[in-house]
Amino acid sequence: MMDGKFLDNDIEKIVDADRAHVWHHLTQHKPFETGEPRIILEGKDMRVWDQKGKEYVDAVSGGVWTVNVGYGRERIANAVRDQLVKLPYFAGSAGSIPGALFSEKLISKMPGLTRVYYTNSGSEANEKAFKMVRQIAHKRYGGKKHKILYRDRDYHGTTIATLSAGGQDERSAQYGPYVPGFVRVPHCLEYRAQWDLSGEEYGIAAANAIEEVILAEGPDTVGALCLEPITAGGGVIVPPEGYWPRVQEICEKYDILLHIDEVVCGVGRTGTWFGYQHYGVKPDFVTMAKGVASGYAAIACCVTSERVFELFKDDASDPLNYFRDISTFGGCTAGPAAALENMAIIEEENLLDNCNAMGAYMLDQLHALKDKHAVIGDVRGKGLFLGAELVADRSSKEPVDEKQAQAVVGDCGAQGVIIGVTNRSIPGFNNTLCYSPALIATKDDIDQIIEATDKALTKVFG
Ligand code: PLP
């Protein structure tokens, strides 16, 4: 229950201030000239309350796959408070207590990796990895092996460089010119097949398509391959069997560094600590952000292998031979303090187990919805990271109209359940309903989410 300390008068003032001065993310503001922006006042566990006192089940963990341990975690707030009183911040080359302790804890979950570089957003963490790749290219290959491959439908962030590595065209449209040296490889979504194969054979073919790009570009020009382990905003794409092992082989064959973007999948979302751990892959870089501290503080990390780290200290007499990079707010101690508690909660409450159990239950429920509603063409996901792709026609796989997909989301909202839909970035593919409830979700929560979706699909599509 909302604690009711807000008076109607206060709320009106808050809404007016927001409408007058806040520029919301990813938002066309015209409707606010007459309507009201939604303002979320409070949250507890899986639920949030808006300015009208309306309660919602949050099936998207804060909108964008972030609040993995749910709302109202006093122990995280207390840990952050205690740390801020002791030392809020110190920048540059100095370390901190929570920075050291969280890096040790994180590395204990990531065999094969050893170093944590702190930053404050997923985009920035990815940029750090890109810069490391570029610097390695200059140090070792005279600048030649500098290209970074990225995949159609993947997203790595909102800065100009990360948009240049973005596989979702609507996100990058009108923000060019882009940064050179980023090259696109095909996506691996079997439902939208590009090869007449299935299962493992499809996965191997999709990975081989990466090799073709490498050969066309010249392997001596390609420094790294950057992929999401399971694509998020591009449509919740779980790679087919055979894909990841072949990707790893290709990287090894051509001496290409493997960068896995775990900004969404990281820290439990898919039922393992990291998405790549489902596939036995050995990355050189892993970037993460959203679930690291479940949104209780801004923190992101670029984690590397010792092999990468060693390259930046092998010749200490060269004044350029270190990673000449800083992130001002990478020096905030609130982030690692919150992240330590966040990880302790996941361990103590066995939330990975819950994620696997509830994820399997929810996947079954989505399949049952697919049996009932012809508009669901495909259901996919791992752990509590799930999607249902909506199609106007199952045989042609023609996507539903974007407005219809939005109407389903809107109707769920009216029923008190917040779900998501993939963004408009891929023409014709803005049609995958997204579900990522907190890792604490119960069967009752999931039943409520599924029931709302069921009713909304009936309302919009009959
Ligand atoms: N990488 C992936 C896979 C993402 O989904 C996102 C954001 O949604 C980012 C990177 C960028 O993270 P941030 O918004 O923290 O910069």
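**Starting with a proline**

Between which helix and which strand is the loop where Pro177 is found? Pro177 sits in the loop that links helix H7 (169-172) to strand E6 (182-185). Here helices are DSSP runs of H or I with at least four residues, strands are DSSP runs of E with at least two, and both are numbered from the N terminus. The peptide bond from Gly176 to Pro177 is cis, with omega near 0°.

Leu26 has a positive phi of about 50°, although it is not a glycine. You'll find Leu26 in the loop between helix H1 (8-21) and strand E1 (40-44).

**What kind of model this is**

This is a predicted model, where local features need pLDDT of at least 70, side-chain atom pairs count only at pLDDT 80 or more, and totals for chains, interfaces and linings use all residues. Residues are numbered from 1 along each chain as its sequence is written.

The protein chain has a mean pLDDT of 95, and 97% of its residues reach 70 or more; pLDDT is the predictor's confidence in each residue, from 0 to 100. As for the model scores, ipTM is 0.99 and pTM is 0.97.

**Two domains**

The chain splits into domain 1 (8-69 + 350-461) and domain 2 (75-348), with bounds from an automatic or database domain assignment. Their C-alpha centres lie 26 Å apart. The contact takes 32 residues from domain 1 and 29 residues from domain 2, counting two residues as in contact if their C-beta atoms, placed from the backbone, lie within 7 Å.

On the domain 1 side, the elements that each supply at least two residues include helix H2 (61-65), strand E11 (376-382) and helix H12 (351-372). H12 gives the largest share of that side, five residues. By class, the domain 1 side has 14 nonpolar, 13 polar and five charged residues. Ala, Val, Leu, Ile, Met, Phe, Trp, Tyr, Cys and Pro count as nonpolar, Asp, Glu, Lys and Arg as charged, and the others, Gly among them, as polar.

**Around the ligand**

The ligand is surrounded by 16 residues, and the closest are Ser121, Gly122, Ser123, Gly157 and Val263. Sorted by class, the shell has six nonpolar, eight polar and two charged residues.

**A pair of packed helices**

Helix H3 (residues 74-86) packs against helix H11 (residues 334-348) at an angle of about 150°, and their axes are 9 Å apart. Axes are lines fitted to C-alpha atoms, for helices over the stretch in contact, with angles from 0 to 180 degrees between N-to-C directions. Among the residues making the contact are Arg75 and Ile76 of H3, and Glu341 and Asn342 of H11. The contact of H3 with H11 has eight nonpolar, two polar and two charged residues.

Definitions and conventions
A residue is near a molecule or strand if its C-beta atom, placed from the backbone, lies within 6 Å of it.
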